[in-house]
Amino acid sequence: MPPSKQDAGWLAAAAVLALRARPLSRPNPAVGAILVKGGIVIGQGWTQPGGRPHAEAVALAQAGAQASGATLYVTLEPCAHESPRGPCCTQLTIAAGVARVVIGVEDPDPRTAGDGIARLKAAGIAVELADDPACHASLAGYLMRKRHGRPFVTLKLALTADGLIAREDGTSKWITGPEARAHAHLERAMSDAILVGGGTLRADAPRLDVRLPGLEQRSPRRYVLTRGAAPEGWHHLASPQAIADPATDLTDVQYLMIEGGSEVAAAFLDAGLVDRLLLYRAPVTFGSGIAAFRQPGANGVPPGWTLADRRRLGSDWMEVYQPA
């Protein structure tokens, strides 16, 4: 039978589990899996640090013999290629006697790319490919890397109610409150790399680390966009287009977060290399200063972007925009 609303709910839950794997699963995708039998969860998992075990393997091990006759919900097509680190997930699923598999997204990796689905069907397992939006969103970095050879880019800016990111003299520290700053640190913790411009690095000497209890070890790799050399502890990026250059050391990077100023923001926006706008708006005004965007539209962001999420964080508002 085709995926149902109930299936969509389980896939959405698997997509939430997948977030626990970001970014520790790199270079593998962050995948979530749930085994359900009689309406009860009997196993669940997400990709483990370093990429193994895979989400399906974790869920199947947790379920044990109960997996026989169950339905497996997984955000990405189970892998079909052999690995020296263990059997592929299609083999594990078949061996466990799973009756039905509902898949959120077909794997673009040519080593699997539909072969996992074909093998499951050949073994008599009912398979549905849901092409699920929640699963696509949870795999955005992996899919961007596989399809376009670059990371998924989030441009993060903290701005005032009148659309400014700094005063005339360039000062901008603590525009937003503690709740918004904590959320920004959580976003950092889910990114492989973070980037600022040379001007921001020289003026502010930002740490760009994660300062949340228990997540300090998940600070992303730091990059600076500059024509000069990067200082110690930083990596160099010569231009926005370099994120798609195989010669750079970004090739294991699935999620890149930009925290630079207006010049870096404009450079990536002009190059069409921003996939998500993450804005934190504070209820303060500067009157004059440095604008976040050169030509904002009616909603305060460049034309061509649509609001996807908006929520209150203390006294501030978080807004997420995606390309229209």
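Predicted model: local features only at pLDDT ≥ 70, side-chain atom pairs only at ≥ 80, totals over all residues.
P27 sits in the loop between helix 1 and strand 1. Helices here are DSSP runs of H or I with at least four residues, strands are runs of E with at least two, and both are numbered from the N terminus. The peptide bond leading from R26 into P27 is cis, with omega near 5 degrees.

Residues are numbered from 1 along each chain as its sequence is written, and side-chain values use heavy atoms, with hydrogens and water left out.

Five strands make up an open sheet, in the order 2-1-3-4-5, and their pairing is mixed. Two strands count as paired if DSSP finds at least two bridges between them. At the edges you'll find strand 2 (40–46) and strand 5 (126–129), each of which pairs on one side only. On average, neighbouring strands of this sheet are turned by 15 degrees against each other, ignoring direction. Such angles are taken between N-to-C directions and run from 0 to 180 degrees, using axes that are lines fitted to C-alpha atoms (for helices, over the stretch in contact).

Let's zoom in on one pair. Strand 3 (residues 71–76) and strand 4 run in the parallel sense, joined over five bridges. Across from L72 you'll spot V101 in strand 4. Helix 1 lies across strands 1, 2, 3 and 4, and it runs at about 140 degrees to strand 1. Contact here means heavy atoms within 4.5 Å.

Finally, check out two residues with a positive phi. A113 has a phi of about 30 degrees, although it is not a glycine. You'll find A113 in the loop between strand 4 (100–105) and helix 4 (115–122). L208 isn't a glycine either, yet its phi is positive at about 55 degrees. Its place is in the loop between helix 8 (198–204) and strand 9 (221–225).

Are these two buried or exposed? Buried means under 20% relative accessible area, exposed means over 50%, and partly exposed is in between (1.4 Å probe, protein chains only). A113 has a relative accessible area of 37%, so it is partly exposed. L208 has 3%, so it counts as buried.
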